[in-house]
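Visitor: Could you walk me through this structure with a few questions and answers?

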Amino acid sequence: MQVIAVMNYKGGVGKTTLTANLGAAVAARGHRVLLIDLDPQANLTFSFYTVEQWREELRKDTTIMRWYEGDAPGREVDLHRLVVTPPLVNHHLADTGGRLDLISSHLKLIDIDLRLAARLGGGTTLGESKRKFLDLHGCLARALRHESFQEYDLVLIDCAPNFGLVTKTAIVASDHVLVPAKADYLSTLGIHYLAGNCDDLVAEYNDYVNHGGRDGADQPIQTRFLGVVFTMVKIYAGKPIGTQQYYMQDVRLNAQIGVLNGMVRDSPRHFGDAGEGGVPAMLRAPLTDEVAVEFGRLTTEILDAVEAGAKQ
Ligand SMILES: Nc1ncnc2c1ncn2[C@@H]1O[C@H](COP(=O)(O)OP(=O)(O)OP(=O)(O)O)[C@@H](O)[C@H]1O
Ligand SMILES: [Mg+2]
């Protein structure tokens, strides 16, 4: 089981669209995939359930908020009890042998970072407070070690566009970080900082673990960047348009993170409805569809990189 956090604290860069379609594409290859929606906007959740279905079937008992709530994450309910199997998309996957499960989000997750921080309270010393925070960063990693998650080949975590506590729990829980980005000035600017912030988090967490962690039971982490995936790429005459090429090259040359060869092109026809149909576009597209073929290559590249990273 390998875990990928799909993360960029820049908003609207195609994180959720990539997570939903990548999850579906991997499941269509016969794998078992779990998606975790950690964004209070719950866009990933609403890619698979209508708002009415979510209200009636999931809102009360089966969202990630129940897990983060309470005295500490996981006190109220075990994470694996929150897994649901969205019917429509799995109906589409029926002949593939694959499965796509989901842990849904809640619109009220919006202030969870504040509530978690408040609940931690101040320690009597600075060191004690810091240890409590670092311990909290490991909560999702610990929960995903439960045997019921080992049946999955891949777990994809859709992060909110921030670097708050919940996002940090996702990074600590992940083997890999995938960074969707638009090829424009503001999006590429953030990538330079993102790599450093993630590396600092990993180093701090490992320092905590190496000094005993929680009862010596935690493991050091080796979260790696899978790379930047350019999204919403405008193709003209077979190539990205000039301005986008300029920013893509800038990231290739200057960012500490590699760039994947594959990309997601700008195609409102495929990706513009933000998954309202309950089945991601890449599952609905005909096999010969140019965008679907391109997305298939990106899927292969990501799976190969995950496998290579897992062997290291
Ligand atoms: N390749 C694409 N082509 C055209 N439209 C796209 C593409 N990818 C995403 N979109 C559209 O762009 C908008 C933002 O995409 P998405 O919600 O996936 O971004 P996000 O990074 O998850 O946003 P947020 O930071 O708010 O979570 C959505 O309306 C989506 O339908
Ligand atoms: Mg999103």
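Visitor: Which residues does Asp175 touch, leaving out those up to four places away in sequence?
Guide: This is a predicted model. Asp175 sits in the loop between H8 and strand S6 (176-182). Leaving out residues up to four places away in sequence, its contacts are Met1, Gln2, Val3, Gln222, Thr223 and Arg224.

Visitor: How far is the backbone nitrogen of Val3 from a polar atom of the side chain of Asp175?
Guide: Val3 is among the residues that Asp175 touches. A polar contact needs N or O atoms within 3.5 Å. The backbone nitrogen of Val3 and a polar atom of the Asp175 side chain are separated by 2.7 Å.

Visitor: Is Asp175 buried, partly exposed or exposed?
Guide: Buried means under 20% relative accessible area, and exposed means over 50%. Asp175 has 27%, so Asp175 is partly exposed.

Visitor: How many residues of helix H8 are buried?
Guide: Helix H8 covers residues 165-173 and is mostly covered. Its buried residues include Leu165, Val166 and Ile171.

Visitor: What surrounds ligand 1, and which residues are closest?
Guide: The shell around ligand 1 has seven nonpolar, eight polar and four charged residues. In total, 19 residues surround ligand 1. The closest are Lys15, Thr16, Thr17, Arg265 and Phe271.

Visitor: Which element gives the largest share of the shell around ligand 1?
Guide: Helix H1 (15-27) and helix H11 (268-271) each supply at least two residues of that shell. The largest share is three residues, and it comes from H1.

Visitor: How much of ligand 1 does the protein bury?
Guide: An oxygen atom of ligand 1 is 3.0 Å from an N or O atom in the side chain of Gln41. Nitrogen atoms of ligand 1 also lie 2.8 Å from a backbone N or O atom of Arg265 and 2.9 Å from one of Ser267. Taken alone, ligand 1 exposes 630 Å², and the share of this that the protein buries is 83%.

Visitor: Which residues have the most contacts inside the largest nonpolar core?
Guide: In soluble globular proteins, nonpolar side chains tend to be buried together. Here the largest nonpolar core has 59 residues. Its largest share, nine residues, comes from helix H9 (residues 185-210). The residues with the most contacts inside this core are Trp67, Tyr68, Leu79 and Phe230.

Visitor: How many residues are in the second, separate core?
Guide: This second core includes Ala24, Leu35, Val229 and Ala281. Its size is 42 residues.

Visitor: Which residues does Leu79 touch, not counting residues up to four places away in sequence?
Guide: Leu79 is one of the residues with the most contacts inside the largest core. Beyond four places in sequence, Leu79 touches Ile64, Trp67, Ile103, Leu140, Ala143, Leu144 and Phe149.

Visitor: What is the relative accessible area of Val251?
Guide: Val251 is found in helix H10 (residues 242-254). Its contacts include Ile191, Val228 and Phe230. Val251 is buried, because its relative accessible area is 0%.

Visitor: How far apart in space are Val251 and Trp54?
Guide: Along the sequence, 197 residues separate the two. From C-alpha to C-alpha, the distance between Val251 and Trp54 is 39 Å.

Visitor: Is Thr62 buried or exposed?
Guide: Thr62 lies in the loop between helix H2 (51-58) and helix H3 (64-68). Buried means under 20% relative accessible area. Thr62 is at 13%, so Thr62 is buried.

Visitor: How far is the backbone oxygen of Thr62 from a polar atom of the side chain of Ser104?
Guide: Ser104 is in the loop between strand S4 (99-103) and helix H5 (112-120). Ser104 is buried, with a relative accessible area of 0%. Thr62 is among the residues Ser104 touches. From the Thr62 backbone oxygen to a polar atom of the Ser104 side chain is 2.9 Å.

Visitor: What is the phi of Ala237?
Guide: Most residues other than glycine have a negative phi. Ala237 lies in the loop between strand S8 (235-236) and strand S9 (239-240). Its relative accessible area is 70%, so Ala237 is exposed. Its phi is positive, near 50 degrees.

Definitions and conventions: Residues are numbered from 1 along each chain as its sequence is written. Chains are lettered from A and ligands numbered from 1 in the order in which they are written. This is a predicted model: local features need pLDDT of at least 70, side-chain atom pairs count only at pLDDT 80 or more; totals for chains, interfaces and linings use all residues. Side-chain values use heavy atoms; hydrogens and water are left out. Helices (H or I, at least four residues) and strands (E, at least two) are DSSP runs, numbered from the N terminus. Buried means under 20% relative accessible area, exposed over 50%, partly exposed in between (1.4 Å probe, protein chains only). A residue is near a molecule or strand if one of its heavy atoms lies within 4 Å of it. A polar contact is a pair of N or O atoms within 3.5 Å; within protein, one must be able to donate a hydrogen and the other to accept it, and residues adjacent in sequence count only if both atoms are side-chain atoms. Accessible areas come from the Shrake-Rupley method with a 1.4 Å probe; for residues, only the protein chains shown count as cover. Ala, Val, Leu, Ile, Met, Phe, Trp, Tyr, Cys and Pro count as nonpolar, Asp, Glu, Lys and Arg as charged, and the others, Gly among them, as polar. A nonpolar core is a set of buried Ala, Val, Leu, Ile, Met, Phe, Trp, Tyr and Cys residues joined through side-chain atoms within 4.5 Å. Contact means heavy atoms within 4.5 Å.
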